[in-house]
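Here are my notes on this model, point by point. Please read them with the structure open.

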Amino acid sequence: MMPLALADVGTENLILKVGGSPEVKKHLEDLGFVAGGTATLITVLNGNVIVKVKEARVAISEEMARKIMV
């Protein structure tokens, strides 16, 4: 298990756990990051990451991506 921020670019990953405070956790789940779902790291730009989740591309901070365990 590792944070999504450290995953290989272009590889689909199974989301195992979403951590953080209740507010952060809810925000990430609203964006589609739920345990059992998949996420693909597209690119890392200036401390932000672009992730494909549920057929959409979402930009989140690297700090948020470290709370998503794959």
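Where is the place of Glu55? Glu55 sits in the loop between β4 and β5. Strands are DSSP runs of E of at least two residues, helices are runs of H or I of at least four, and both are numbered from the N terminus.

1. Basis. The model is predicted: local features need pLDDT of at least 70, side-chain atom pairs count only at pLDDT 80 or more, and totals for chains, interfaces and linings use all residues. Residues are numbered from 1 along each chain as its sequence is written, and side-chain values use heavy atoms, with hydrogens and water left out.

2. The sheet. Four strands make an open sheet in the order β1-β3-β4-β5. Their pairing is antiparallel. Strands count as paired if DSSP finds at least two bridges between them. The edges are β1 (12-14) and β5 (56-61). Each has a single partner strand, so one side of each lacks a neighbour in the sheet. Neighbouring strands are turned by 35° against each other on average, direction ignored. For such angles, axes are lines fitted to C-alpha atoms, for helices over the stretch in contact, and values run from 0 to 180 degrees between N-to-C directions.

3. The β4-β5 pair. Strand β4 covers residues 48-53. Six bridges join β4 to β5, and the two run antiparallel.

4. The turn. β4 and β5 form a hairpin with two residues between them. Most residues other than glycine have a negative phi. Lys54 has a positive phi, near 50°. Glu55 also has a positive phi, of about 60°, although it is not a glycine. Please inspect both in the viewer.

5. Are Lys54 and Glu55 buried or exposed? Lys54 counts as exposed because its relative accessibility is 61%. Glu55 is exposed too, at 71%. The cut-offs are under 20% relative accessible area for buried, over 50% for exposed, and partly exposed in between (1.4 Å probe, protein chains only).

6. Salt bridges. How many salt bridges does the structure hold? There are three. The criterion is a side-chain nitrogen of Lys or Arg within 4 Å of a carboxyl oxygen of Asp or Glu. Side chains of opposite charge can pair when their charged atoms come close.

7. The helix pair. Asp30 and Lys26 meet through their side chains at 3.1 Å, N to O. Both lie in helix α1 (residues 22-31). They are four residues apart, about one turn of the helix. Asp30 is exposed, with a relative accessible area of 55%.

8. Lys52 forms a salt bridge with Glu55. The closest N and O atoms are 3.9 Å apart. Lys52 is partly exposed, at 35%, whereas Glu55 is exposed.

9. The remaining pair. The side chains of Arg66 and Glu62 meet in a salt bridge at 2.9 Å, N to O. Arg66 is partly exposed, at 39% relative accessibility. Glu62 is partly exposed as well, at 24%.
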